[in-house]
Amino acid sequence: MKTSAPFILSIVVCGLLAIALNGCGGGGTAAPTTTVTTAPATTSTTAVTTTTGTGSSTSTTSGTTTSAAPTTTAPPTTTTTTTTTTTTVTTLPPFSLETVDARPGMGHFTSIKVGDNNVVHLSYGCYDGINTGLWYASREVSDSGWHVATVETSGGGFNSLAVDSAGKAHILYINENGSDDYMLAGKLRYATNTSGSWVTEQVDGSENSYCRLAADGTNALHLNFWDGNGYLRYGTGTAGSWTLATLESSGHVGIYGVIAVDGSNKPHILAKDTTSGDLLHFTNRTGPWASDIVDSSLHLQYPTIASRDDLLHACYYDDTGYGDITYATKEVGSGSWITTGDQPVDNNTTQYYDLAVDANGKVHICYYDDRSTSGGLYYVTNKNGVLQSAVVDEDDTCGQFCSIAIDGSNKPHIVYYDALSDRVKYAKGN
């Protein structure tokens, strides 16, 4: 462990999780596995255009379009409360590290979920400078070795994984079809193994980007993406039948979009307004789609969002100066966003980080620091009632594209990219 880690994480205390600390409340072949153990260490109502159509593996979603009449309401004042708390930092047990897939280029964009049956599910893209693709891996939490399957041999950018109550996987992703050399823009596609083998289909055929997928308590799927016109889009449905809506058509809202579903199965989307700089929250929980401001700082990027017990949790990155990660919460359906995180998590913290919330409402965050002196993949949580931290992988090349999920025992699981070995790796909390 690097000697600067306690100093770094004492800064985290001032910046992350202050509110949470106070109680805010398949198949395939087995891939080779290498195991290593680390040392401890304004609300406004939005007019919505809805398209209902049927997806297929060969054609673009089509259907009829209707426009919802906009409703105008007086925008309420947005109030932000900032809280700073200092807590003693203690260390967690070490993580166990493995290589999931030893083939080069694996791990560009990753997503992880742990199902109700304690099966770990991973999706990850490949980019080796020439080829792109999408792969899926799974195994039980207590097992060793991974069952790896090829989902698609092109695309894989922004892959986002959801798992239903039957343990079946659903993946939303971008297939660039040669239009982009790094999986950043292309046709929006969906894949699932509900039939026992992987089936893929096209959801939208324009040049899309920044897509995310979530499953609700009824196994209905919810998705968002930023389309080729610069519009923020939302969709729901199942394989072969998707209903898509345009939430914002100004042409400058929707970048960095992410989605979560609350306990009432209502979607919540965070996305950036590139003109005003505002980070916006969209939901249809109380009726028509409406938006409110999460934070109006100018340089906010790459948000992430989770929901548990009708409390929304969000993190977002400010690329001003050294790069801060801010943590924010909001009661579902009421109130304003309460933010902490005006202190930097770490100097030169990158945009690679993720957030998950366990069954007790406790917060788990992984993030990547690329500095040569104290870089690597870090983890911080308040699950034991005090702020605790760990260096997951202390090599400064490890941690890009990190994604985190929590199992039934409230233990963390992280998938990430190791740039030095050019491999996708997995970390299991003990």
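1. Buried is used here for a residue under 20% relative accessible area, exposed for one over 50%, and partly exposed for one in between (1.4 Å probe, protein chains only). Helices (H or I, at least four residues) and strands (E, at least two) are DSSP runs numbered from the N terminus. In these terms strand β26, residues 324-331, is mostly covered, with 7 of its 8 residues buried. Its antiparallel partner is strand β25 (residues 311-318), to which it is joined over 8 bridges, where pairing requires that DSSP find at least two bridges between the strands.

2. Residues are numbered from 1 along each chain as its sequence is written, and side-chain values use heavy atoms, with hydrogens and water left out.

3. The pLDDT, which is the predictor's confidence in each residue on a scale from 0 to 100, has a chain mean of 79, and 74% of the residues reach 70 or more. Over residues 1-89 the value is below 50, although this stretch has 239 contacts in the model beyond near neighbours in sequence, a contact being heavy atoms within 4.5 Å. Where pLDDT is low, the predicted coordinates should not be read in detail.

4. Rings of Phe, Tyr and Trp (its six-membered ring) are taken to pair if their centres lie within 6.5 Å, with planes under 30 degrees apart called stacked, over 60 edge-to-face and the rest tilted. The whole structure holds 15 aromatic pairs by this search. In one of them, Trp 146 and Tyr 426 have ring centres 4.9 Å apart and planes at 80°, so the arrangement is edge-to-face. Because Trp 146 lies in strand β12 (residues 146-152) and Tyr 426 in strand β34 (residues 423-429), this pair ties together parts that are 280 residues apart in sequence. Trp 146 is buried at a relative accessible area of 0%, and Tyr 426 is likewise buried at 0%.

5. Tyr 210 and Trp 226 form a tilted pair, since their ring centres are 6.1 Å apart and their planes stand at 55°. Tyr 210 belongs to strand β16 (residues 199-215) and Trp 226 to strand β17 (residues 221-226), 16 residues apart. Tyr 210, with 15% relative accessibility, counts as buried. Both residues belong to a cluster linked by ring pairs, whose members include Phe 109, Tyr 302 and Tyr 417.

6. A nonpolar core is a set of buried Ala, Val, Leu, Ile, Met, Phe, Trp, Tyr and Cys residues joined through side-chain atoms within 4.5 Å. The largest has 39 residues, of which Leu 223 and Ile 414 touch the most other members, and strand β32 (residues 398-406) gives the most to this core, with 5 residues. Apart from this core lies another of 28 residues, among them Leu 270 and Tyr 353.

7. Which residues other than glycine deserve a look for positive phi? Asn 219, with phi near 75°, is in the loop between β16 and β17 and is partly exposed at 29%. Tyr 302, with phi near 45°, lies in strand β24 (residues 300-308) and is partly exposed at 28%. Most residues other than glycine have a negative phi.
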